[in-house]
Amino acid sequence: MTTPPESSASCLLCGAPSTLRCSTCASKAGIDLFFCSKEHQKLVWPVHRLVCGERAHPFRLPPFSQEEADVLLERLAKPPTTSKQAELQARFLNLVENGQLPGSDIQSKVKHLVGQECAIACMHGAAGTSHTECLIRAIRKFSASWYLDLRPQPPVPSTPSMPQVEGFIKAYDHFTMENAHPIATDSIWFSMFCHRLSSHVPIVNRMDDAMAANGRLTPAHDWLFELQEQSFGSLLSFLDASLVGAETPDRARFCLVACVRVQEAYRDVTAS
Ligand SMILES: [Zn+2]
Ligand SMILES: [Zn+2]
């Protein structure tokens with residue numbers, strides 16, 4: 001039993017002290033996840049609903065869905081419209097064809113992915129992570145790039161927003177430098193880290209959507225901007241506290257990398 005860092009009793013999103021926890025996560029997974037208000041719980045809900053309850057600890061991303069399979073098949077079938085899409089299409093095809101999946105054609109191979117689990121971090125074949133889990137993670141990671149490619153600069157309305165899971169994977173790879181210092185993923189601490197990181201995703205998505213709708217952020221979006229800063233700050237203090245209390249060199253290295261990356265991201269946001 002270790003004492004959780006003090007910041008664990010603070011809102012997942014903004015870091016404000018809180019005693020309101022998600023009751024489903026507490027009862028089904030034994031993890032205490034706090035929100036300062038119904039408002040912040042609601043803002044995080046688009047991503048939290050995917051990992052609330054049994055998936056909250058150990059933290060597990062939702063399994064590959066039929067909808068994702070349909071999107072993937074469509075991307076494989078359609079002639080690419082940009083060079084980036086052509087590159088990603090080749091990557092998708094390579095993953096599916098060489099992914100040791102049962103079935104003789106692309107359709108049946110992709111069908112086999114539906115309902116399968118997704119690795120949180122690519123462990124490069126580490127024990128406990130199956131090949132298919134890493135395959136699904138790679139598909140989602142390339143899918144994030146696909147969505148980014150659909151967003152022109154300046155953005156235009158009606159471009160699709162990045163799905164929450166893809167957003168999470170992108171954020172995870174960014175903040176951990178593609179898992180440069182792998183860490184055991186079954187601790188309460190790691191689940192807490194993932195929930196904090198995930199709560200950031202819907203805010204970034206809303207900012208992207210606001211940009212797409214208006215071409216820029218307007219004063220009406222100041223609250224979103226502030227919230228994004230608060231959420232960076234809250235993630236940073238969680239990592240800071242974990243760094244001080246880290247029992248393992250693995251966790252210390254992991255936190256250190258993430259701290260540096262959060263600070264960089266924070267600087268980018270406040271400078272723009
Ligand atoms: Zn809050
Ligand atoms: Zn929950």
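Helices (H or I, at least four residues) and strands (E, at least two) are taken here as DSSP runs, numbered from the N terminus. On that basis the protein, a predicted model, has 10 helices and 0 strands, and its elements read α-α-α-α-α-α-α-α-α-α from the N terminus on. The radius of gyration is 19 Å, close to the 19 Å from the globule rule for 272 residues, so the protein is as compact as a globular protein of that length. For the record, that radius is taken over C-alpha atoms, and the globule rule is 2.2 Å times the number of residues to the power 0.38.

As for the ground rules, local features need pLDDT of at least 70 and side-chain atom pairs count only at pLDDT 80 or more, while totals for chains, interfaces and linings use all residues. Residues are numbered from 1 along each chain as its sequence is written, chains are lettered from A and ligands numbered from 1 in the order in which they are written, and side-chain values use heavy atoms, with hydrogens and water left out.

Along its principal axes, the C-alpha trace spans about 50 × 45 × 30 Å. Of the 272 residues, 46% are buried (buried means under 20% relative accessible area, exposed over 50%, partly exposed in between; 1.4 Å probe, protein chains only). Among contacts (heavy atoms within 4.5 Å) with a separation of 6 or more, 65% join residues 24 or more positions apart.

On the charge side, there are 25 positive and 28 negative side chains, and the centres of the two sets lie 2 Å apart. Lys and Arg count as positive and Asp and Glu as negative, with His and the chain ends not counted; each charge is placed at NZ of Lys, CZ of Arg, CG of Asp or CD of Glu.

Helix α3 (residues 66–77) holds Glu67, which is exposed at 61% relative accessible area. Glu67 and Glu264 are 197 residues apart along the chain, and their C-alpha atoms are separated by 35 Å. Leu73 also sits in α3 but is partly exposed, at 22%. Not counting residues up to four places away in sequence, Leu73 touches Ile106, Gln107 and Val110; the C-alpha atoms of Leu73 and Val110 are 7.5 Å apart, across 37 residues of sequence.

In helix α9 (residues 222–244), Ser234 is buried, with 4% relative accessible area. Neighbours within four places aside, Ser234 is in contact with Cys11, Leu12, Leu13, Cys14, Gly15 and Arg196.

Between α2 (38–51) and α3 lies Pro58, and the peptide bond from His57 to Pro58 is cis, with omega near -15°. The loop between α7 (164–175) and α8 (188–214) contains Met177, whose phi is positive, near 50°, in a residue other than glycine. Asn179, in that α7 to α8 loop too, has a positive phi of about 60° without being a glycine. Met177 is partly exposed at 44%, whereas Asn179 is buried at 6%.

Finally, the cysteines. The structure holds 0 disulfides, a disulfide being a pair of cysteine sulfur atoms within 2.5 Å. Cys255 is in none, and the nearest cysteine sulfur, that of Cys259, is 6.4 Å away. Cys255 is buried, at 0% relative accessible area.
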